[in-house]
Structure formats: C-alpha cells, structure tokens
Amino acid sequence: MSVSAPTRTVRIASRKSQLALVQTYWVQEELQKRFPDITFEVQTMSTQGDNILDVALAKIGDKGLFTKELELGMLDRSSDIAVHSLKDLPTRLPEGLMLGCVSERENPADALVVHENHKDKQLETLPPGAIIGTSSLRRLAQLRYHYPHLEFKDIRGNLNTRLQKLDNGEYDAIILAVAGLTRLGMSDRIHQVIAPEISLHAVGQGALGIECREGDTDILDIIKVLEHTPTAQRCYAERAFLRELEGGCQVPIGVNSAINGDQLTLTGMVASLDGKRLIKDIVTGNSLDAEELGIQLAHKLKDQGAQEILNEIFAEIQRS
C-alpha cells in the first residue's frame, strides 16, 4: 500500500484591507488553477499604515508603511510570499527579499469621484472653493498646479470609509485610483478618469507585486507564471526613476509609461508641495533597458531643478 506524499503548502501574506484581500485572493486563485497539487494558504495581518488613520501618510514616514509586517513574515519563514499593491512597495527592499513577479496592471490613472451635488461637473468645472479630498501629495501638488482655485483636504481610511465621508458631505469630491475602484466592483463611482496631462499616476499604480525571498527558486518558478512582461518593464522603469530620486509617498513624484513594440516611453514629474513649481520630462528607449531609462529620466529632471525641489521637501519633512 503506497503512502501519498504530503501536500505542499505555500503561505501568502496579505494586509487585511478589503482591497488587499481581493487582490490576494485573485493571486491565490490563479496560482491554484496552475498548481492544483499545491495548497495556497492566505495569512492576513495589519500593517502600520493600516493602524494609523488620523495622521497624513507623508507625516508618518513611508519606509515599509504598508509592507514591513508582511516582509518580517517572509524573513522568519512563517510565510513564503506577500502580495502588494505595487505602488505601496518601497523601491529598496530589505536584505534577503526581492520583487519576484509583477502582474498585468489595471488602468493606472486617477479618478474623480464626486458628491451627488456635483454630478453635472468635471474636475475643471468644479466651483472655486470646492473641497477635494486626497491623502496623496502627488495628486495634491498636480491638482494645485492646474486648479489653484480648489481647496484640498487630507482624507484617510479604507476606500469604503472615504466614499462614506464623501457621501456625508465632508468633501465635494475625492480622488481615488481607477484600479482600486475597478477591483472592488465600484467602477460605477468613477465620475471622471483624470488625464495624464493633469495627473501623472503613482509609480507602480494599478499593478500587483509579489515579493519573495531571494534565492527561493522553487517559489520564484511558481509565481513567475503570473508575470506580465510589458507591465513589469514599465514598472521597473518607473521604480528606477523613483529610486534614483530617492522619493516615496512623502514627495510629489508622478509617472506615466507606455510600450509600443520594443519601445518604452516614460514620462515623469516632480512638483513642489504648493503646486507652484512642476518639472516634467520624457524619455524613450528599448524596453529591455527599462531601469536605465528610469535612471536617465531622473537625471534629466534633476538637471532642470528637481533636486532643489526635493531638498526643500526633505528639509520641511525633517522640521515637522
């Protein structure tokens, strides 16, 4: 009588938020389809970013704000992989960990969601003094640059909490990611998709990143089945751009990227917190040189004054 081998288990770490779980369960389901002999087990935990809801993100510090606890689980081997919204994953990872896979991204654009009193308005036609909710300095700086007549107010909480605050009348409109609303089945709340000419998106926005231990080749072979090469190339270029500028959620840095054939085009911007200065440029090159293109674009912006803006922002952060 033969004895069957024990079933292998791959443990997937995830934040507890609704969006994080939707994304993680998608990864679990896709991997389970491809590897029916492996059990994929989801482990949930809260992160610092989930627990601190009464302070603006930029004032907390962004090194591992939504990822540290998940990464500790991989390092102590209580979990094998972690699923992240790639925009939340720092560009410099802890020693021993790596970005193992980037999935196909949803639309990375920002979305305007309005209170019912403004259903007949677009971003450009909202009245002077309208209160716009956003917790992103990137969105804040760009919108201040284009629409200085609007008022902006910080907003925290999960997506449902933010929508409830909007519907309660605390804001005239809020800015959210198209991808998050789409994944949660709330695309009907998207009133306007904001053009990249107005708001360049966050680095990695709309894509999922699966993090794992370096050298764990068995795990890498498993998760690589979800890799989407064009998305990965775009996101590696975006992350190299951000890393070279040494930015994060404390700094108004935005990007847009596209691949046409073997050509990757990357647009990037750096803005001052008050939105009065905004530097933007573009590079194009072979998609196989994605990271080099990101670094090249970062240096182009630094040459045009981006470094001075960044130094001012970092000094302000240290003072506060």
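**Starting from Leu19**

Tutor: Let's begin with Leu19, which sits in helix H1, residues 18-34. (Helices, H or I runs of at least four residues, and strands, E runs of at least two, come from DSSP and are numbered from the N terminus.) Before going on, note that this is a predicted model, where local features need pLDDT of at least 70, side-chain atom pairs count only at pLDDT 80 or more, and totals for chains, interfaces and linings use all residues. Residues are numbered from 1 along each chain as its sequence is written, and side-chain values use heavy atoms, with hydrogens and water left out.

Leu19 counts as partly exposed because its relative accessibility is 23%. (Buried means under 20% relative accessible area, exposed over 50%, and partly exposed in between, using a 1.4 Å probe and protein chains only.) Setting aside residues up to four places away in sequence, Leu19 touches Gly180, Arg183 and Leu184, where a contact means heavy atoms within 4.5 Å. Pro127 is another story: it is 108 residues from Leu19 along the chain, and their C-alpha atoms are 32 Å apart.

Ser135 counts as buried because its relative accessibility is 13%. Its side chain makes a polar contact with the side chain of Arg162, at 3.4 Å. (A polar contact is a pair of N or O atoms within 3.5 Å; within protein, one must be able to donate a hydrogen and the other to accept it, and residues adjacent in sequence count only if both atoms are side-chain atoms.) Then comes Ser136, which caps the N-terminal end of H5 with a side-chain oxygen 3.3 Å from the backbone nitrogen of Arg138. Helix H5 covers residues 137-146, and seven of its ten residues are buried, so the rest of the structure largely encloses it. Among those buried residues are Leu137, Leu140 and Leu143, along with Arg138 and Arg139.

Now for the nonpolar cores. (A core is a set of buried Ala, Val, Leu, Ile, Met, Phe, Trp, Tyr and Cys residues joined through side-chain atoms within 4.5 Å.) The largest has 22 residues, and Phe241, Leu245, Ile253, Leu266, Val270 and Leu301 have the most contacts inside it. Helices H9 (229-245), H10 (290-303) and H11 (306-319) and strands S11 (253-260), S12 (263-271) and S13 (278-286) each supply at least two of its residues. H10 gives the largest share, five residues. Leaving out neighbours within four places in sequence, Val270 is in contact with several residues, including Leu245, Ile253, Leu301 and Ile309. There's also a second, separate core of 17 residues, including Val10, Ile38, Ile223 and Leu226.

What about the cysteines? The structure holds zero disulfides, meaning pairs of cysteine sulfur atoms within 2.5 Å. For Cys212, the nearest cysteine sulfur belongs to Cys101, 9.1 Å away. Cys212 is buried, with a relative accessible area of 0%. Cys235 is in no disulfide either, with the sulfur of Cys101 nearest at 11 Å, and Cys235 counts as buried at 1% relative accessibility.

Let's finish at Arg77, in the loop between helix H4 (68-75) and strand S3 (81-85). Arg77 counts as exposed because its relative accessibility is 53%. Its phi is near 65°, a positive value in a residue other than glycine.
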